[in-house]
Amino acid sequence: MNLTGRVTAVLGPTNTGKTHFAIERMLGHRTGVIGLPLRLLAREVYDRIVAQRGPSVVALVTGEERIVPERTQYWVCTVEAMPLEIGADFVAIDEIQMCADPERGHVFTDRLLRARGLVETLFMGAETMRQVIAHLVPGVTFLKRDRFSELTYTGSKKISRMPPRSAIVGFSVENVYAIAELIRRQKGGCAVVMGALSPRTRNAQVELYQNGEVDYLVATDAIGMGLNLDIKHVAFSATAKFDGRRMRQLYPQELAQIAGRAGRHTENGTFGVTGEARPFDEDIVEAIEEHRFTPVRKLQWRNSALEFGTVEKLIRSLEHPTDNEWLSRARDADDVVALKAMADLPEVREKLIAPRRVQLLWDVCRIPDFRGTSLTDHVTLLTRIYEFLVGRGLGGGRVPSDWMAKAVQRIDKTDGDIDAISKRLAYIRTWTYVAQRKGWVDDETHWREETRAVEDRLSDALHARLTQRFVDRRTSVLLRRLKQKETLVAEVNDKGEVMVEGEFVGRLDGFRFQQDASSSTDEAKVVRQAAIQALRPEFHLRADRFYNAPDTEMDFTEQGGLMWGSSAVGKLVKGADIMRPSVEAFVDDEAGEEVAEKVRRRLQHFIDRKVAALFEPLTALNKDETLQGLARGFAFRLVEALGVLPRDGVAAEVKELDQDARGALRKHGVRFGQYTIFLPLLLKPAPTRLRLVLWSLWNGLSEFPESPPPGLVTIPNVPDVEKQHYTLAGYHPAGVRAIRIDMLERLADLLRQKDARAGFEAVPDMLSITGMTLEQFSDLMQGLGYRAEKGERAKVKAAPEPAPVDPNAPQNPIPEEVSVLAEAAEPDAAPEQEVFYTFTWAPKPRFQRPERAPRGPQGDRKERGDRPAGGNRSNEGRGERRKPEGQPGEAKPEGRPEGRGEGRRNDGGKPQGKKGGKPDRAKDNKARNFEARPPRPEKPIDPDNPFAALMALKGKV
């Protein structure tokens with residue numbers, strides 16, 4: 001716009017008549033544009049100007065609403081929707097201090113720098129903007145306006161003692177609804193004003209308050225900007241809010257903006273806190289009462305000179321920095337975030353073939369996320385709209401009418417509660433915005449009227465629901481029954497704290513009321529009566545909410561407790577089966593049997609589904625009717641042990657299983673390890689945690705063992721902890737630590753490849769599996785039955801790679817004074833030493849062997865057929881030596897009993913030859929017996945043995 005007009009900054013606190021002054025100045029010109037921060041405020045100003053000049057010359061332009069008569073003279077807009085190039089005589093921007101807002105500040109800063117009237121320009125806002133405006137706007141004139149009335153701090157007040165014509169301010173929908181519900185019970189009702197409401201709903205709610213039907217208003221910080229209401233007192237229920245990125249404390253100037261709504265025109269006002277809000281500090285109170293705040297030093301700024309050659313150029317221009325010391329580049333707003341996300345989509349990139357399409361993409365990205373959905377959902381919707389608008393040309397497409405009709409039809413429903421209707425209102429705002437864009441739909445007039453009609457219907461329905469819920473002039477039953485305290489009422493806040501008359505009396509933990517022990521006996525009786533009566537509907541509402549809550553909101557503790565969020569709602573008790581525990585609900589008797597049964601039933605559903613999900617392999621194994629005989633019995637043992645069985649405890653049963661039985665069990669994921677029989681899926685953290693709880697319940701433990709932190713390969717082996725607890729947790733104790741069962745079996749697979757009798761060293765794979773140092777690994781191996789011998793040796797270093805030799809390079813001759821032989825003969829430095837361990841199998845002896853008499857150096861090896869020392873002779877017909885029993889290096893034949901192999905001697909020693917001489921070879925052919933016990937009785941022949949016929953012929957041939 002032309003920069004020759006007069007520029008004035010009208011600065012001052014709230015209730016100084018700045019907006020009224022701007023309206024009067026604009027109506028004094030032939031044409032004018034005024035930009036306002038909120039759609040609600042724009043509608044209020046539009047109605048005021050229409051009342052003075054008529055609707056034929058006044059336009060209303062916001063993101064979702066567009067009323068533009070043919071003979072428009074005055075434009076009332078939101079700041080984002082202001083037309084900048086129409087050449088109006090007068091331009092005004094309200095609440096100019098919004099230039100410092102992190103979300104929308106860059107828009108206000110752009111208007112401060114570029115929006116100018118041909119004759120006059122006004123900027124209205126707080127005194128904190130004086131210094132920065134003086135530096136950024138040449139020739140500006142300042143006009144200071146003082147507040148018409150005084151503002152006084154009154155401290156903290158309970159909501160029950162709030163004076164009439166008060167506004168209670170909250171900063172979340174949940175908080176606003178909770179306060180409104182409390183006021184309805186105490187005071188008969190209130191009006192609700194929030195920024196998310198449509199102008200029609202907001203105006204209807206304000207009318208309830210202004211005409212005296214209710215004396216209280218519950219609102220968000222939306223009342224802080226320009227809404228002129230008859231308010232005498234403003235109470236803050238909180239002093240922190242979520243600003244879109246994080247929770248933060250409100251700045252003093254923000255508190256003043258809201259508190260300034262009290263005491264309109266010449267009537268004085270008061271402000272304070274209520275509920276859980278802490279009283280203001282003295283310096284904040286002084287700053288608000290005297291309107292003294294820290295000046296604004298930086299304004300949020302974004303480059304307005306955009307380049308649409310390519311999407312990359314557009315993004316670069318949006319990210320262009322500024323070198324102005326009073327400006328700071330704004331963080332990426334929602335439109336820039338959406339642009340970057342869409343630019344990465346192949347289906348969008350292939351359509352960006354001309355600057356016109358890039359500009360169209362930017363226009364689509366500027367559609368606000370009224371729905372408040374995730375970025376992915378918002379980008380998906382924008383992509384669909386962009387594909388419609390691109391069409392077959394360079395942007396001449398339209399959003400199809402049938403698609404638009406279906407989208408609007410899904411929203412056009414007035415049933416449901418407050419939240420459902422509020423969500424539909426947010427959705428219809430998207431299509432209202434699309435309908436307001438020129439050239440985006442086929443029949444613009446029809447769709448603007450249709451979306452506006454749907455919004456009006458939803459607005460009326462929302463107003464009806466708000467009035468029905470928060471306006472009730474009947475006093476509560478509780479207020480009539482309790483003596484002496486007519487306004488006594490109880491409430492439960494978000495933290496579960498139960499408040500009576502604004503005082504803390506106890507907590508509602510799940511479905512149990514825990515009364516504060518500090519009250520006297522008489523007082524406690526009255527307080528509990530009031531609290532329980534007020535909590536009865538809360539019990540039913542909470543029970544319904546709990547019954548419909550997903551399983552993800554519930555959990556069990558390692559001591560068998562059942563939790564709903566952070567509240568204890570029950571515990572597990574022993575059931576008829578180890579995998580079918582029962583539940584006991586924690587519900588107060590005052591809640592009623594219906595609530596208790598609903599809670600118990602939901603808890604039972606939760607734990608049954610939890611067991612079925614985590615122990616699905618075990619459940620399938622238990623229900624497999626194809627398992628017969630020994631396999632069926634072993635499956636039962638595995639189910640009883642909840643999927644983990646030490647092998648040494650079931651060695652006999654394992655040996656009796658044939659290959660078919662093992663194969664049937666392996667189909668269910670059963671792994672027959674060297675140390676443990678287990679199902680690998682049940683070693684995960686969640687099944688392990690549940691297994692410890694179920695086993696502890698079944699065995700009646702008073703204190704349950706806790707599961708180790710997930711992801712640990714080894715944990716300390718505490719002597720006071722039973723070995724079975726380690727097994728249930730998925731670990732096998734060995735030495736000073738316990739190793740995870742599945743990792744132990746992987747280690748066993750490596751050990752079987754080694755010669756445990758001759759000795760071997762640990763390889764890197766072994767240390768990698770266990771995650772141990774060499775010293776820790778040696779202790780683990782000793783715990784597994786190995787002997788570890790420590791030694792030292794020179795560390796072998798890898799030879800350095802020779803430098804590449806260029807054959808074409810000239811060779812330098814060796815000087816005569818240098819002796820190569822002398823250099824080679826020089827002794828090397830002392831080699832670096834390294835520690836190593838040699839591991840050999842050293843199982844614990846089964847019994848203590850008796851001392852033997854001395855024997856000759858040769859003994860009777862010849863007579864014994866050259867049997868090796870130690871009493872173990874060669875296996876008949878094989879010629880290979882038998883390894884020590886249980887040695888990991890040798891797999892034993894399945895079905896052979898442990899501890900006694902074919903051809904194994906039982907006397908444990910060699911016979912002695914003649915003392916001091918050679919063996920008597922003349923007696924080699926004679927039968928000799930060195931048994932020290934009577935011969936074994938003959939075993940009866942098993943008729944089912946396939947070799948029964950051959951065994952019957954033994955001794956007869």
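These numbered notes cover a sheet, a helix and a loop residue in a predicted model.

1. The sheet is open and has four strands in the order 23-24-25-26, paired antiparallel. Its edges are strand 23 (554–556) and strand 26 (580–585), each of which pairs on one side only. On average, neighbouring strands are turned by 30° against each other, direction ignored.

2. Strand 23 and strand 24 (residues 561–564) run antiparallel and are joined by three bridges. Phe556 has Leu562 of strand 24 as its bridge partner.

3. Helix 19 (residues 593–614) packs on this sheet and touches strand 23, strand 24, strand 25 (567–577) and strand 26. The direction of helix 19 makes about 150° with that of strand 26. Helix 24 (residues 685–698) lies across strand 23, strand 25 and strand 26, at about 65° to strand 25.

4. Helix 28 spans residues 774–783, and its buried residues include Phe777, Ser778, Leu780 and Met781. Viewed down the helix axis, the buried residues fall within an arc of 160°, so they line one face of helix 28. An α-helix has 3.6 residues a turn, so residues three or four places apart point the same way.

5. The buried residues of helix 28 pack against several elements, among them helix 26 (741–751), helix 27 (764–770) and strand 33 (786–794).

6. Asn303 sits in the loop between strand 17 (299–301) and helix 9 (311–318). Asn303 has a relative accessible area of 13% and is therefore buried, the cut-off being under 20%. The Asn303 side chain reaches the backbone nitrogen of Ala305 at 3.1 Å, and a polar atom of that side chain lies 2.9 Å from the backbone oxygen of Ser317. Leaving aside neighbours within four places in sequence, Asn303 is in contact with Ser317 and His320.

Terms used
Residues are numbered from 1 along each chain as its sequence is written. This is a predicted model: local features need pLDDT of at least 70, side-chain atom pairs count only at pLDDT 80 or more; totals for chains, interfaces and linings use all residues. Side-chain values use heavy atoms; hydrogens and water are left out. Buried means under 20% relative accessible area, exposed over 50%, partly exposed in between (1.4 Å probe, protein chains only). Helices (H or I, at least four residues) and strands (E, at least two) are DSSP runs, numbered from the N terminus. The arc is that of the directions from the helix axis to the C-beta atoms. Contact means heavy atoms within 4.5 Å. A polar contact is a pair of N or O atoms within 3.5 Å; within protein, one must be able to donate a hydrogen and the other to accept it, and residues adjacent in sequence count only if both atoms are side-chain atoms. Two strands pair if DSSP finds at least two bridges between them. Axes are lines fitted to C-alpha atoms, for helices over the stretch in contact, and angles run from 0 to 180 degrees between N-to-C directions.
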